[in-house]
Amino acid sequence: MTETADVVELAKRRGYFFQASGAYGGVSGFYTFGPQGAALKRNIEDAWRDRFTIQEGNLEVDAPTVAPEPVFEASGHLDGFDDMLVECPECGESHRADHIIEDNTDIEEAESYPIPEVEELIAEFELVCPSCGAGLAGQAVTAFNLMFETSIGPGSSQPGYLRPETAQGIFVEFPQLKEYARNQLPFGVTQIGRAYRNEISPRKSLLRVREFTQAELELFVDPEEDEPDLDAVRDVTAPLYSAEMQADPDAATTEWTIGEAVDEGVIGDEWVAYYLGVATEWYDRVGVDMERFRFRQHLPGELAHYAADCWDAEAEVDGDWIELAGFAYRSDYDLSKHAEHSDDDFTLFKQYDEAKTVERATVDPDMSYLGPEFGGAAAGIAEALQSLAERDRTAFDGDSVSVEVDGEAYEIPTEHVNFSVDEVTESGEHITPHVVEPSFGVDRALYTVVHHAFSEDEVEGEHRNYLSLEPEVAPTFVGVFPLTDQDGLPERAREVAQELRDAGLSVTYDDSGSIGRRYRRQDEVGTPFCVTLDGDPQGTATIRERDSTAQTRVDLDDLVETLTALRTG
Ligand code: ATP
């Protein structure tokens with residue numbers, strides 16, 4: 001049995017996660033987190049919030065999951081958020097063409113290939129349908145948009161979409177958010193919430209689903225002035241797999257300190273480097289095995305045209321490297337797009353330390369000439385002349401100047417354009433901030449944490465499965481058991497359980513079955529500690545540690561203090 005099969009079986013049996021709507025046959029790509037999974041997910045989200053929102057001093061928002069069409073027109077999702085779909089001529093199943101190529105050839109990142117090349121590769125490698133084995137050569141590959149469409153309000157008057165990422169809910173609100181940040185850069189805004197993608201072929205349990213949770217940070221910076229606090233992460237060691245290493249068949253992932261990686265130019269962007277350092281510590285904190293973790297740099301073909309540098313956090317699960325998170329320097333792309341498509345102001349006024357005297361070119365066109373000559377286009381022409389003057393003064397040197405308004409070219413004699421250059425004093429300028437984006441998938445983090453925690457050993461001659469979860473994220477921190485149902489032990493144990501809950505610990509009480517069975521149950525759900533009351537006349541109880549199974553005796557009076565100390569490490 002593979003580790004995945006073990007984990008999926010345990011996850012369902014013990015209430016971590018399982019396919020949703022099972023009573024109606026279930027539908028691919030939708031999962032319900034059971035009682036254990038919901039608690040683990042919340043704990044992982046809390047740990048993310050603690051590190052990326054609270055400790056970084058960032059702002060948190062909670063935006064709607066549905067947004068109107070213009071938002072996604074501006075963001076580019078409407079036109080470009082596609083995957084490559086190929087349909088089997090035999091069984092009619094739809095598959096992702098790039099996945100079929102990646103799974104059956106040595107080609108990686110087939111996603112970045114153009115459609116005609118993908119069709120050629122399918123033919124060249126004689127690739128077949130993963131469901132029924134029929135040949136796929138000659139089948140058309142089409143672009144399939146991954147957004148779920150809906151209509152807002154009765155009728156279909158206003159199209160809307162379920163958000164495919166949480167980020168846009170931050171970008172569109174920038175004009176408002178900059179006010180809360182008192183118009184000072186840098187500032188960061190985080191959001192943890194659901195995102196929806198109508199994946200062509202959901203697969204591998206929680207790894208590719210149609211509804212999932214993202215935790216994203218958008219950091220807005222002044223590219224000319226702001227710098228990250230690299231010293232805070234300089235000594236963090238991270239396994240890096242750069243584009244250069246990927247191009248060399250003999251090169252492998254190498255451990256670097258973040259400081260060295262920046263100094264040697266392995267990581268190109270300092271902000272990205274900073275977040276790789278912070279993320280390394282965070283993944284370690286929530287229980288990702290650092291021996292099965294790496295950062296992979298995007299290859300030049302994978303990079304979005306506006307992205308200067310991009311790395312993915314990846315984890316190894318059952319022999320495959322899966323993407324957990326992306327870290328990108330996105331320049332001013334997102335804010336500029338929303339500025340272009342909306343009427344709002346996506347810039348920020350940057351005050352100079354000292355006022356500057358600058359030359360400013362101004363045009364004052366003769367409207368008594370422009371109006372009669374060009375009719376309704378006159379105002380547009382006047383605006384275009386001014387903007388041209390700001391960009392290129394020499395355009396006004398000749399007898400006439402040409403401008404374009406709404407796709408129409410106009411030739412204006414310079415004698416009707418009063419052009420002047422004046423000295424003015426400026427106290428600052430409007431800039432469009434750049435964006436640094438760490439974007440985490442919560443479901444993939446949770447899945448990896450459970451996988452990496454899955455352990456097997458032998459206890460007293462019996463095989464044992466257990467989840468070696470970090471105490472900070474474990475759904476239950478402590479199990480409390482009465483050894484027997486005699487001598488008022490169950491009542492006393494219930495009281496102890498309540499005292500521990502009052503101290504803020506997550507506690508489960510269990511009095512059914514043998515004590516060995518109760519330990520085994522908690523081992524499987526990953527509870528780090530169990531307390532057993534055995535009626536000891538000295539007023540003590542045992543604390544058993546999950547991984548080592550070692551037991552220690554503690555005074556019941558000291559129990560809350562001892563366990564609280566274990567919880568905070
Ligand atoms: P992939 O290439 O695996 O489809 P992506 O590069 O499109 O992922 P991003 O758009 O960068 O993913 O999203 C950020 C994070 O959101 C990913 O690193 C991943 O953890 C998570 N994510 C994206 N799509 C899914 C999905 N279908 N199911 C679960 N998590 C997802």
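1. A polar contact here is a pair of N or O atoms within 3.5 Å; within protein, one atom must be able to donate a hydrogen and the other to accept it, and residues adjacent in sequence count only if both atoms are side-chain atoms. The model is predicted, with local features needing pLDDT of at least 70 and side-chain atom pairs counting only at pLDDT 80 or more, while totals for chains, interfaces and linings use all residues. Residues are numbered from 1 along each chain as its sequence is written, and side-chain values use heavy atoms, with hydrogens and water left out.

2. A ligand oxygen is 3.3 Å from a backbone N or O atom of Gly-441. Another entry pairs a ligand oxygen with a polar backbone atom of Ala-325 at 3.4 Å. For Glu-323, an N or O atom of the side chain is 2.7 Å from an oxygen atom of the ligand.

3. On its own the ligand has 590 Å² of accessible area, of which the protein covers 83% (Shrake-Rupley method, 1.4 Å probe).

4. The shell around the ligand (residues with a heavy atom within 4 Å of it) holds 14 residues, and Glu-199, Arg-208, Val-209, Glu-323 and Leu-324 come nearest. Strand 16 gives the largest share, 3 residues (strands are DSSP runs of E, at least two residues, numbered from the N terminus).

5. Thr-527 is a separate matter. Thr-527 counts as buried because its relative accessibility is 1% (buried means under 20%, with a 1.4 Å probe and protein chains only). Its side chain makes a polar contact of 2.6 Å with the side chain of Gln-522.

Key. Helices (H or I, at least four residues) and strands (E, at least two) are DSSP runs, numbered from the N terminus. Buried means under 20% relative accessible area, exposed over 50%, partly exposed in between (1.4 Å probe, protein chains only).
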